[in-house]
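Below are a few exercises, each with a solution worked out step by step.

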Amino acid sequence: MIEYPWFDFDQVDYVTSDTHFGHARISELAGRPFGTVEEMDAELVARWNAVVGPGDVVLHLGDLALGPIQESLALTARLNGQRFLVPGNHDRLSTATQSKRAIERFLPLYEAAGWTILPEVIRGTRHGYRLLASHYPYAGDSQETDRHTAHRPRWDDGMPLLHGHTHARDHGPHEYQFHVGVDAHGYAPIPFTIIDECIRGLPDAETWLESAIREARQVITALDNSERPGMDALFYEQGYNELFIVLSELLDALEPPGAAESSR
């Protein structure tokens with residue numbers, strides 16, 4: 001698996017994406033029930049603060065604000081909670097659409113509005129289950145063809161992925177992907193407990209530790225069942241490499257990256 005930056009999903013209370021604060025045309029483009037951008041912005045703030053408390057943690061998966069960016073970002077400072085942002089293609093922090101100079105210029109505006117900026121793809125665990133989050137799904141778009149494919153998370157054998165970007169109205173899970181955008185969830189953040197139920201309900205759901213133990217046992221069993229007479233150095237090297245990989249995964253599952261720092 002690609003080693004995406006580690007994030008502690010256990011700290012998160014709510015998830016959302018694609019608010020598009022200040023975007024005058026998004027109601028027309030996404031079929032939102034608002035007559036003006038001012039009405040939309042006011043309703044998004046009200047619905048957010050109706051469910052999110054000041055002490056809650058919210059993970060926003062991109063396309064936060066458009067329009068006159070200083071004004072639309074200032075609106076988001078009124079939102080409750082500790083707020084993390086994974087940039088989407090319409091954010092001024094996106095490496096998919098913005099230059100390095102532009103990102104450096106706009107970063108202070110997001111931070112001044114109370115946002116902690118995360119990488120564009122993050123991985124971690126939630127109650128022991130492995131999880132990815134990005135603005136983009138593995139596949140799917142609001143347009144006919146998938147855009148920004150180089151910036152999407154790569155498929156990892158069915159690892160659950162939280163995403164936005166599509167503006168789809170279907171609620172939540174589609175196989176191993178879970179759409180968290182406001183257009184599918186009443187224009188408000190959704191409790192992470194809803195996602196927890198979906199992850200546990202996946203047909204082959206198992207915690208990272210359970211998966212690591214199973215794979216380690218499979219490797220050990222395969223080595224035990226192999227013939228030993230006449231084995232050459234190449235066989236032993238291959239067996240060592242397989243054991244090293246599964247034991248490394250097992251140790252990471254016992255103490256995930258960042259666990260030591262977070263416990264200090």
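## Exercise 1: Helix 4 and its surroundings

The buried residues of helix 4 pack against helix 3, strand 3 (82-85) and strand 4. Keep in mind that you're looking at a predicted model.

**Task.** Work out which residues of helix 4 are buried, where the helix bends, and why its length makes sense.

**Solution.** 
- Step 1: pick out the covered positions. In helix 4, the buried residues are Ala102, Ile103, Phe106 and Tyr110.
- Step 2: think about spacing. An α-helix has 3.6 residues a turn, so residues three or four places apart point the same way.
- Step 3: look for a bend. There is one of about 30 degrees at phenylalanine 106, with proline 108 following within four residues.
- Step 4: check the length. Helix 4 has 13 residues, so at 1.5 Å a residue it should span 18 Å; the end C-alpha atoms sit 19 Å apart, which agrees.
- Step 5: step off the end. Glycine 114 follows helix 4 and has a positive phi, near 100 degrees.

## Exercise 2: The nonpolar cores

**Task.** Find which residues touch the most other members of the largest nonpolar core, and which helix supplies the largest share of that core.

**Solution.** 
- Step 1: The core has 28 residues, and Phe21, Leu64, Tyr110 and Trp115 touch the most other members.
- Step 2: ask which helices contribute. Helix 1 (26-30), helix 2 (37-51), helix 3 (69-76) and helix 4 (100-112) each supply at least two residues.
- Step 3: find the top contributor. Helix 2 gives the largest share, 5 residues.
- Step 4: zoom in on tryptophan 115. Leaving out residues up to four places away in sequence, tryptophan 115 touches Trp48, His60, Leu64, Thr76, Leu79, Arg83, Phe84, Leu85 and Tyr110.
- Step 5: look elsewhere. Another core, of 21 residues, lies apart from this one, and Val12, Tyr129, Ile190 and Phe192 are among its members.

## Exercise 3: Two sets of strands

**Task.** Trace what strand 6 pairs with on the strand 5 side and on the strand 7 side, then give the strand order of the open sheet.

**Solution.** 
- Step 1: start with strand 5 (residues 121-126). Strand 5 and strand 6 run antiparallel and are joined by 6 bridges. Arginine 126 stands opposite tyrosine 129 in strand 6.
- Step 2: look at the turn. These two strands form a hairpin with 2 residues between them, and histidine 127 in the turn has a positive phi of about 55 degrees.
- Step 3: turn to strand 7 (residues 161-163). Strand 6 and strand 7 run parallel, with 2 bridges between them. Here alanine 133 has leucine 162 as its bridge partner.
- Step 4: check how covered strand 6 (residues 129-134) is. Of its 6 residues, 5 are buried.
- Step 5: Strand 4 (115-117) and strand 10 (190-191) are the edge strands, each pairing on one side only.
- Step 6: inspect the strand 10 end. Strand 1 (residues 14-16) pairs with strand 10 in the antiparallel sense over 2 bridges, and tyrosine 14 stands opposite proline 191.

## Exercise 4: Residues in the loops

**Task.** For phenylalanine 34, glycine 140, histidine 20 and histidine 167, decide: buried or partly exposed?

**Solution.** 
- Step 1: phenylalanine 34 sits in the loop between helix 1 and helix 2. Its relative accessibility is 9%, so phenylalanine 34 counts as buried. Beyond residues up to four places away in sequence, phenylalanine 34 touches Ser27, Glu39, Met40, Glu43 and Tyr187.
- Step 2: glycine 140 is in the loop between strand 6 and strand 7. With a relative accessible area of 22%, glycine 140 is partly exposed. The C-alpha atoms of glycine 140 and threonine 166 are 6.6 Å apart, though 26 residues separate the two along the chain.
- Step 3: histidine 20 lies in the loop between strand 1 and helix 1. At 2% relative accessibility, histidine 20 is buried, and its phi is positive, near 60 degrees.
- Step 4: histidine 167 belongs to the loop between strand 7 and strand 8 (172-174). Its relative accessible area is 15%, so histidine 167 is buried. Phi of histidine 167 is positive, near 60 degrees.

Note on methods: Residues are numbered from 1 along each chain as its sequence is written. This is a predicted model: local features need pLDDT of at least 70, side-chain atom pairs count only at pLDDT 80 or more; totals for chains, interfaces and linings use all residues. Side-chain values use heavy atoms; hydrogens and water are left out. Buried means under 20% relative accessible area, exposed over 50%, partly exposed in between (1.4 Å probe, protein chains only). Two strands pair if DSSP finds at least two bridges between them. A nonpolar core is a set of buried Ala, Val, Leu, Ile, Met, Phe, Trp, Tyr and Cys residues joined through side-chain atoms within 4.5 Å. Contact means heavy atoms within 4.5 Å. The expected span of a helix is 1.5 Å times one less than its number of residues. The bend at a residue is the angle between axes fitted to the seven residues ending there and the seven starting there.
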